[in-house]
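Subject: Structure handover

Hello,

Here is the structure for you to look through. My notes on it come below.

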Amino acid sequence: MNTKVLTGKDGKVKVGEDQIAYCDTWSMDLSQEASEILKLGTSWANAQGGKKSATGSLGGSYSDSDTALAALVTTWLGEDEVRADIHLVQSATKEYSGPAVLSSFNMSTPAAGKVTWSANFTFDGAPAEGTPAA
């Protein structure tokens, strides 16, 4: 069996059509509610799956020349709900994408070191699984 281990070198994050230049990490968490189902005559509870959700985080180095990230920060500072069309590219053949609501954004500026940023998001519905656009 010929298996290929994926590496992060092919990963990227896009907001709409614009790639965030200095994103160096992303994660996606898929979850499902589990309800406890009780039956008479047994001491073990069963479980039943419920609503599903997909959340995640992004992070990287901050650069003023990164127009996609700068647009995201500008949107965050506005009064409206912060939404973005997120594309999480895992490899040349695998991408997870969809509209998302951003729930937090953080910038960190140490006295000695690079400025970093991170953001958390929740997909609005199920993320689509597909092949990234060239």
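This is a predicted model: local features need pLDDT of at least 70, side-chain atom pairs count only at pLDDT 80 or more; totals for chains, interfaces and linings use all residues.

Residues are numbered from 1 along each chain as its sequence is written, and side-chain values use heavy atoms, with hydrogens and water left out.

Overall layout

The protein has 1 helix and 8 strands, in the order β-β-β-β-α-β-β-β-β along the sequence. Helices (H or I, at least four residues) and strands (E, at least two) are DSSP runs, numbered from the N terminus. The C-alpha trace spans about 65 × 50 × 30 Å along its principal axes. The radius of gyration, taken over C-alpha atoms, is 19 Å, whereas a compact globule of 134 residues would have one near 14 Å; the globule rule is 2.2 Å times the number of residues to the power 0.38.

Of the 134 residues, 28% count as buried. Buried means under 20% relative accessible area, exposed over 50%, and partly exposed in between (1.4 Å probe, protein chains only). Contact means heavy atoms within 4.5 Å. Among contacts between residues at least 6 apart in sequence, 60% join residues at least 24 apart.

The core and Ile20

A nonpolar core is a set of buried Ala, Val, Leu, Ile, Met, Phe, Trp, Tyr and Cys residues joined through side-chain atoms within 4.5 Å. The largest one holds 22 residues, of which Ile20, Leu88 and Trp117 touch the most other members. Two or more residues each come from strands S1 (12-15), S4 (46-61), S5 (83-91), S6 (94-108) and S7 (116-123), and from helix H1 (67-77).

Ile20 sits in the loop between strand S2 (18-19) and S3. Ile20 counts as buried because its relative accessibility is 1%. Leaving aside neighbours within four places in sequence, Ile20 is in contact with Val13, Lys14, Val15, Asp66, Ala68, Leu69 and Trp117. Trp117 is 97 residues from Ile20 in sequence, and their C-alpha atoms are 12 Å apart.

Asp29

Asp29 is part of strand S3 (residues 23-37). Its relative accessibility is 44%, so Asp29 counts as partly exposed. Not counting residues up to four places away in sequence, Asp29 touches Ser53, Ala54 and Thr55. Ser57 is 28 residues from Asp29 in sequence, at 8.8 Å from C-alpha to C-alpha.

Regards
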